[in-house]
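These are my notebook entries on one structure. I set down what I looked up, entry by entry.

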Amino acid sequence: MKIFIDVLSDELLDACKTDLISNKIKENVWGSSSFRWNPHLLENIDGSCITTPITNKSIIKRLEDELSVVFKKYNYNSLSFNYYIWDSYSGISGHTDKNHVFGATLYLTNSDVCDGGIFMWKSEEEEQSEIDIFRCVVPKENMLTVNDQAQTHTVTPISPHAKDYRCTIQIFAS
């Protein structure tokens, strides 16, 4: 797992947040993890994460340009970008993203450890362990995690007392 801090310019970060909150939230184009995700991804998860593709071509182009520094070493044909809003009790059970060249999460909001939504993963060494050992990181605005080794990872459920929604851009390379 690779973690990068402050990957987007402030201008593009603000544009993504504005597109999500001011534009996309008003559109009737949202799907729910309850309907769209494989059931094994929702094991012991009670809440729903809502998702929608990023359709603003200018934002997609700017994301591709600014993230090219991080993604240049990978051999892929296309990238998909989706906004996710993680509501109370939402999360995702352990999985690997092995059907993609890589999966990445770009955090648009900060979280506190008490808010839940903690990103957890197993390193190669931990995958071989007889007991479940995970590493974790509390999401930080403008942080990017890249899973390019099909490592098992999960997101803990969001607390109903979280101060804000957890907003991300999910990126998959094919």
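Entry 1: I looked up Lys122 and, leaving aside its neighbours within four places in sequence, I found it in contact (heavy atoms within 4.5 Å) with Glu127, Asp132, Ile133, Phe134, Gln151 and Thr152. Lys122 lies in the loop between β7 (119-121) and α4 (124-127). Helices (H or I, at least four residues) and strands (E, at least two) are DSSP runs, numbered from the N terminus. Lys122 is buried, with a relative accessible area of 10%; buried means under 20%, exposed over 50%, partly exposed in between, with a 1.4 Å probe and protein chains only.

**Entry 2: basis of the values.** I note that the model is predicted, so that local features need pLDDT of at least 70 and side-chain atom pairs count only at pLDDT 80 or more, while totals for chains, interfaces and linings use all residues. Residues are numbered from 1 along each chain as its sequence is written, and side-chain values use heavy atoms, with hydrogens and water left out.

**Entry 3: strand pairing.** I took two strands as paired if DSSP finds at least two bridges between them. Strands β2 (residues 31-32) and β3 (residues 49-53) pair in the antiparallel sense over two bridges, and Gly31 stands opposite Thr51 in β3. β3 also pairs with β4 (residues 79-86), in the antiparallel sense and over five bridges. Ile50 has Ile85 in β4 as its bridge partner.

**Entry 4: nonpolar cores.** A nonpolar core is a set of buried Ala, Val, Leu, Ile, Met, Phe, Trp, Tyr and Cys residues joined through side-chain atoms within 4.5 Å. The largest has 28 residues, of which Leu63, Phe71, Leu144, Ile169 and Ile171 touch the most other members. Two or more residues come from each of α1 (10-23), α3 (57-71), β4, β6, β9 and β11, and α3 gives the most, with six. Not counting residues up to four places away in sequence, Ile171 touches Leu67, Phe71, Phe81 and Leu144, among others. A second, separate core of 17 residues includes Ile45, Cys49, Trp86 and Met143.

**Entry 5: the largest pocket.** A pocket is an open set of points on a 1 Å grid over the protein atoms alone, where a 1.4 Å probe fits, with protein on both sides within 12 Å along at least five of seven lines. I recorded 28 residues lining the largest pocket (an atom within 4 Å of a point), with Tyr84, Ile92, His95, Gln170 and Phe172 nearest its centre. β5 (92-95) and β10 (153-155) are among the strands that each supply at least two lining residues.
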